[in-house]
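User: I'm new to reading protein structures and would like to work through one with you. Could we go step by step?

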Amino acid sequence: MAKTDRDTSKGKPRPIVRLGIFLISHSFFFSVVFSTAGVLALLLLPVLAKNTYISENSLMPGSVAPMLSDQEVAEGNRLIEDLNALKSKPLGSGIGSQRLVAQYMSNLGAEVSFHKFHRQPSQFHPLHFFSSPDSRRIEQNISCALHGVNTIGIIRAPRGDGKEAIVLVTPFNSVKVNKNEALSLGIAYSVFSLLTGVPWLAKDVIWLVADSQFGEYAAVAAWLRDYHTPVFSGVGTLDAEMCPEINNLRGMEENLFTERMTFDGFKRAGTMAAALVIKVGDRTQQYEDSLSIYAEASNGQMPNLDLINTVNYLAVHRQGLRVKVEKLWSLLNMRWLKTLGEMFELLGHYARNINPQLKFGIPAAEYIEGSATLASSLYYQALGIPTGPHGAFRDYQVDAITVEILPKVFTLGNKVRQNDFLLRSGRLIEGVVQSVNNLLEKFHQSFFLYLLTSPSKFVSVGVYMIAFALLVAPLPMVAASLYVNASNSDESMNSEKSSPSATAVDSASSPTTTDAAPLVTLSESTPLLTAADSGSLATVADSASLATAADSSRFATTADCITLSSWKWLYAAKKSFIVYLWGSVVSLLPYFICQIPSCTPTTSFIIWVLLSILGLVVMYGILASPFSDANDSKSQKEWAILKSVTLSAAFIGLCLMSIINFATAEIGGLLMVPMCLMAHPLKLDVKTRSLRTISRAVCNLVLGFIGFPPVTFIVLKGAFEGFSSINVGDFWSWVESLWAWNSATYLYIGVVHLPCWVLCIHILFHHC
Amino acid sequence: MLVKMCNLFNAAVVVAAFLLMGPITFGKCVAFGSPSSSSETTMHTNNWAVLVCTSRFWFNYRHMANTLSLYRTVKRLGIPDERIILMLADDMACNARNKYPAQVFNNENHRLNLYGDNVEVDYRGYEVTVENFLRVLTGRHETAVPRSKRLLSDEGSHILLYMTGHGGDEFLKFQDSEELQSHDLADAVKQMKEKHRFKELLIMVDTCQAATLFSQLQSPGVLAIGSSMKGENSYSHHLDSDVGVSVVDRFTFYTLAFFERLNMYDNASLSSLFNSYHPSLLMSTAYYRTDLYQRHLEEVPVTNFFGSVMETIHTDSAYKALSRKSFSRAEIKTSFDKTVNGDERRILADSDGQDLLSDLKKEDQQGAFKHLWKTFNDEVGKIEDVDSFVQYGLLVMLPLLLLPTWLSW
């Protein structure tokens, strides 16, 4: 009777449950298949990349014939010459060049204002990690002498509603006038002078000449911060109150011009539709003018793909410029990548033979280029550091990119070449401004989550997520299977000890489960419930007219099992919790190490490592030791439970990180997943002494070595740049740059990767 | 004696006139007698045009240019402004992005400013909604809506309904927020038919997959033409690189090219218009739905829809106009049971009135003749004393006799 009850209630589990059971019971096979497929899918991404297309109808790039003519270019040239002339004058060129630019702007009829900002020391503030830039206004120790002045010119759209604006940014070091920066100012100025006269502007145009003496990013970020935090306390700004002597300084050099200039008040236009940072590159190109696009902002955020598409379309199809995005050059010469590309090409060839409709496969050369670009795209997104001043805009949800225009080699005297260069670059900028001007809404049509494999090819989130999902899928599977096996073996061990009749009862009372191997019993009931289930089994057996004596004895033995098997994971969880806690302490340590004066990166790094080890030992001693002995003696499979907890934690960490910064999670997954999956106590492996176990032990050692974050960094750096200039301190500087830019990758390394590595090492050297 | 002669002459003329008109009148009477639908029987009285641009935003400049071009064309061919309902988002001319403020062009040569003076937009901006569109067609307005915003058509109206915008399979998008489905359109047309709001209706649609919008139509007297078949796009004709947008759609461009050659007196038929669309030029296949339309397209001049018929109703005296339809119907009833001689004048008037084939001039002439004849008859009828009339007549004859003798002398 009870048997039939059980059959009807549990008759056939739902398909998804059965699928789960199937996957977990064959977890070894599937974990190998899935992680290989994950790596393969990542390698396939360049092949699966789609061509970009302009998704927003209203952009209409290139629909207007460019109006920029030689006249505007001549004006731009005039500014360049004046700036270069200023360079030769030794005195007062600092404020002089800014006044010159301002003079030029106001001559065009634009509204001109200056924006003074102070250098903000890059410091690690653990409490302000994810906070918005506004709240970082902790300006206790600004040195008033160190300040930069941005020059801002605004053209009001003659018939626009003044609610939106387009921003052009030209970084410009006012202290040391650079020829290339002067050129970029010339380009921007010629476009600006055209835009003052056109009737079609619907958005205001802001030209920001960012004072880059403290870095381009800092100047732009400071201006954006003040732009978005209006001060309503009268004319004087916060800065002016703090540093009154600057005002006097400013007052001293007053003349007719500065009086006319509007120093008071911060000039604003509407919300920013898009921003374009214009630079002229140092690296001159051999054959033709070209264009580099930088798009990565902080934490792997990207501007809308439509903006890149627009620039790319106009540059390629209208101005005949060659467009490039960053790629990892060292990847281009890799042998294995080349063979892989040829393999994919061959596969594509066969696929086309079978069905001509299949558009699979690209030429090997294109594949190599694509994967080099993809790798760099992944790397810069994973780093979480903006690749240029455009990153500051992304913090305010403004789509922005940096275009670096690289001129063909030309001698200084070649006026014709320079005019042509100015004309083409100016027309490109004009076209982009015109397109953005046509926009009716914020950029929203195209993708925000993508990886570029070339300027005109991209992999969208829907495709690249598959690789990551496949990669991390084995983690929960193996974790579940490990836990189930461990608790099962314990249970069977215990029940063998107690009485053979109990197992007989067990098998008799549940005929549905006996034929399907022990795995099914385990997976049918969730691990936590195994004990309760066994308890209920006993009661079921009780009612099933079997020997009550055997039952009672069994009940007694299982009572002991319940405590052991159901709470075993708690100990492992506590252990890993301690390690994770330690991880977060380790990531806070640099804040204190920074306070130590006069420290080289290497010594800082060593201090950090020593403190970390000390912390680990102390925490382990205080929190973890009392129970460890008691449990270890009882459980042979303690390491398996610990591994299962490690895997689950790694899985959760990776999935959380993939939401914050996908690229970090992807790269982290590539490093962590094999390490976690392979982890196995060396002692057991060595004891067995078969070829399989020995090779596993070696693999584990290698993976464990590589998995240590500083080693990973050094190995990767060495692989791409050569081992000649490697220094241990480099890792410290790298980490320093990460926290200076508030990169979530830093948190990932400290809070997810490092604890996971420690746990894996712990499993490797487990004393079982 | 003379009077009798006059009467005799009078009768002879009337009989002759009747003999001439007889067959036509008789034919008409048969037509009236048969229980066919009223659209065949009522005559074409007036022309209306409903021109709708269903999209807004700067990059849809061409749709507004399409509509304004057609507006200009039908106005040129004679439909007055008060019979054109123009629905337009109207955000192009004064758009900040427009390089030519307050001007709209449909060609890159910029020869013709469509947004010149006298553009009467009846529904503009956010008033162009599916609801308002259906209200206009079915005439179910709120009481406060002025007459100028209503489609006051009648049983004898020919209506041109032109729509352009972005469409899809069996729908037409209204300003990116609503859509009109083919069922809605068919339902509205059916309501119009039942309310006797049109005699013939030409629906012209320039959108992608325009043909699908007609699939649910079932009311007789409807002729539909769309720019593209199902699964096809409707393309713009050319881009004005000065303004920076496409300025006209292909289908509308070639429609306009056809009409530019015509003036309001031309007799080009609808079939010649339909044959002027070449798929290679349109880059899509124009689609006509003619199964609901009775007349042969070869016999229907385009001006029946794109031009205007202004009916001149003769009234006996100023400000005493009778409703034409009741007038003629009353006569039809009497015309059968009265003798030819007894009611010749009325039949004459009736036949005159019902003659669909007669053009305006002829109608005018006959009207004048009728008028003279009627006054003469009336005058004659007023005379009661025949003897004194004869005597007076003889007396009047005396000077008339003297005149020729004096002349011959």
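User: Is A:E369 buried, partly exposed or exposed?
Analyst: Keep in mind that this is a predicted model. Buried means under 20% relative accessible area and exposed means over 50%. A:E369 has a relative accessible area of 35%, so this residue counts as partly exposed.

User: With which residue does the side chain of A:E369 meet in a salt bridge?
Analyst: Look for a nitrogen and an oxygen that come together, here at 2.5 Å.

User: Which residues are linked with A:D289 in a network of salt bridges?
Analyst: A search of the whole structure finds 27 salt bridges over all chains. Some of them join up into a network that includes A:D289.

User: What is the N to O distance in the salt bridge of B:R76 and B:E260?
Analyst: B:R76 lies in helix α3 (residues 61-76) and B:E260 in helix α6 (residues 250-260) of chain B, so the pair ties together parts 184 residues apart in sequence. B:R76 is partly exposed at 28% relative accessibility, and B:E260 is partly exposed at 42%. The rule for a salt bridge asks for within 4 Å. For this pair the N to O distance is 4.0 Å.

User: Is B:K149 buried or exposed?
Analyst: B:K149 forms a salt bridge with B:E127, with the closest N and O atoms 3.4 Å apart. B:E127 is partly exposed, with a relative accessible area of 31%. For B:K149 the value is 18%, and the cut-off for buried is under 20%. So B:K149 is buried.

User: Which residues does A:Q301 contact, leaving aside its neighbours within four places in sequence?
Analyst: A:Q301 is in the loop between β7 (290-294) and α11 (305-318) of chain A. With a relative accessible area of 29%, A:Q301 is partly exposed. Leaving those neighbours aside, its contacts are A:A295, A:E296, A:R394 and A:Q397.

User: Which residues in chain B lose the most area to chain A?
Analyst: The contact takes 17 residues from chain B and 18 residues from chain A. Together the chains bury about 1,300 Å², 62% of it on carbon and sulfur atoms. Three residues account for 48% of what the chain B side buries. They are B:F59, B:A96 and B:R97.

User: How many salt bridges does the rule find across the interface of chain B and chain A?
Analyst: The rule finds eight residue pairs in polar contact across this interface. On the chain B side, the touching residues divide into nine nonpolar, four polar and four charged. Charged residues are there, then, yet the number of salt bridges found across the interface is zero.

User: What share of the residues in chain B is buried?
Analyst: Chain B has 13 helices and twelve strands. Its accessible surface comes to about 21,100 Å², with 59% belonging to carbon and sulfur atoms. Of the 409 residues in chain B, the buried share is 47%.

Methods. Residues numbered from 1 in each chain as written. Chains lettered and ligands numbered in written order. Predicted model: local features only at pLDDT ≥ 70, side-chain atom pairs only at ≥ 80, totals over all residues. Heavy atoms only, no water. Helix = DSSP H or I, 4+ residues; strand = E, 2+ residues; numbered from the N terminus. Buried < 20%, exposed > 50% of the residue type's maximum accessible area, 1.4 Å probe, protein only. Contact = heavy atoms within 4.5 Å. Areas by Shrake-Rupley, 256 points an atom, 1.4 Å probe, with all protein chains shown as cover. Buried area = accessible area lost by both parts, 1.4 Å probe. Polar contact = N/O pair within 3.5 Å; in protein donor to acceptor, adjacent residues only side chain to side chain. Nonpolar A, V, L, I, M, F, W, Y, C, P; charged D, E, K, R; others polar.
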